[in-house]
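Reader: I am new to this structure and would like to go through it step by step. Could you show it to me, please?

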Amino acid sequence: MRAWVLLSGSIICEVTGTLALRATVEHPAWVALTVAAYLAAFMLLGFALRAGMPIGVAYGVWGAVGVALVALLGAIMFDEMLSVQAVIGIAVIIVGVFLIEAGSRPEPSSDGGSEQVLT
């Protein structure tokens, strides 16, 4: 649970940094928030890994959720176009994140005993 909280914080910081990066196009003062948010994002991602989250899950979720949120918030905050293809892509990302998370869980063994992790 702790790893997911850290990963969520990392995603929020990464999205904040990316949106602040977009804001620097019009106001260069946003660069300070961009740098601080990216530093916090990578630090929290590292803590999530240290808490035991597999890197494939952490990076997959981090990247996918970040892309989806930036696309949605970019359309809302900066009036950027979000085409039908982009919306479909975001839906595919959400399904992909669900599959990554579901595939990271150990499967029960066939003898009904302990769980088995696929490697």
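Author: The answers below go from the overall fold to single residues.

Author: This is a predicted model, in which local features need pLDDT of at least 70 and side-chain atom pairs count only at pLDDT 80 or more, while totals for chains, interfaces and linings use all residues. Residues are numbered from 1 along each chain as its sequence is written, and side-chain values use heavy atoms, with hydrogens and water left out.

Reader: Which pattern does the chain follow along the sequence?

Author: The pattern is α-α-α-α-β-β, from four helices and two strands. Helices (H or I, at least four residues) and strands (E, at least two) are DSSP runs, numbered from the N terminus.

Reader: How many of the residues count as buried?

Author: Of the 119 residues, 29% count as buried. Buried means under 20% relative accessible area, exposed over 50%, and partly exposed in between (1.4 Å probe, protein chains only).

Reader: Which residues have the most contacts inside the largest nonpolar core?

Author: They are Leu7, Ile11, Leu45, Met53, Ala58, Val61 and Trp62, in a core of 20 residues. A nonpolar core is a set of buried Ala, Val, Leu, Ile, Met, Phe, Trp, Tyr and Cys residues joined through side-chain atoms within 4.5 Å. Helix 1, helix 2 and helix 3 each supply at least two residues of this core, and helix 1 gives the most, with eight residues. In soluble globular proteins, nonpolar side chains tend to be buried together.

Reader: What does Val61 touch?

Author: Not counting residues up to four places away in sequence, Val61 touches Trp4, Leu7, Ile11, Gly66 and Val97. Contact means heavy atoms within 4.5 Å.

Reader: Turning to the rings, how many aromatic pairs are there?

Author: The structure holds two. Phe42 and Trp62 form a tilted pair, 5.5 Å centre to centre with 50° between the planes. This pair links distant parts of the chain, with Phe42 in helix 2 (residues 31–50) and Trp62 in helix 3 (residues 55–78), 20 residues apart. Rings of Phe, Tyr and Trp (its six-membered ring) pair if their centres lie within 6.5 Å; planes under 30 degrees apart count as stacked, over 60 as edge-to-face and the rest as tilted. Phe42, Tyr59 and Trp62 form one aromatic cluster.

Reader: Is Trp62 buried or exposed?

Author: Trp62 is buried, because its relative accessible area is 8%.

Reader: Where does Arg22 lie?

Author: Arg22 lies over the face of Phe78, at 4.5 Å from the ring centre. A charge sits over a ring if NZ of Lys or CZ of Arg is within 6 Å of the ring centre and within 35 degrees of the ring normal.

Reader: With which side chain does Thr18 make a polar contact?

Author: The partner is the side chain of Tyr38, at 2.8 Å. A polar contact is a pair of N or O atoms within 3.5 Å; within protein, one must be able to donate a hydrogen and the other to accept it, and residues adjacent in sequence count only if both atoms are side-chain atoms. Thr18 lies in helix 1 (residues 2–23).

Reader: Lastly, where is Asp79 found?

Author: Asp79 is in the loop between helix 3 and helix 4 (84–103). Asp79 has a positive phi of about 55° although it is not a glycine.
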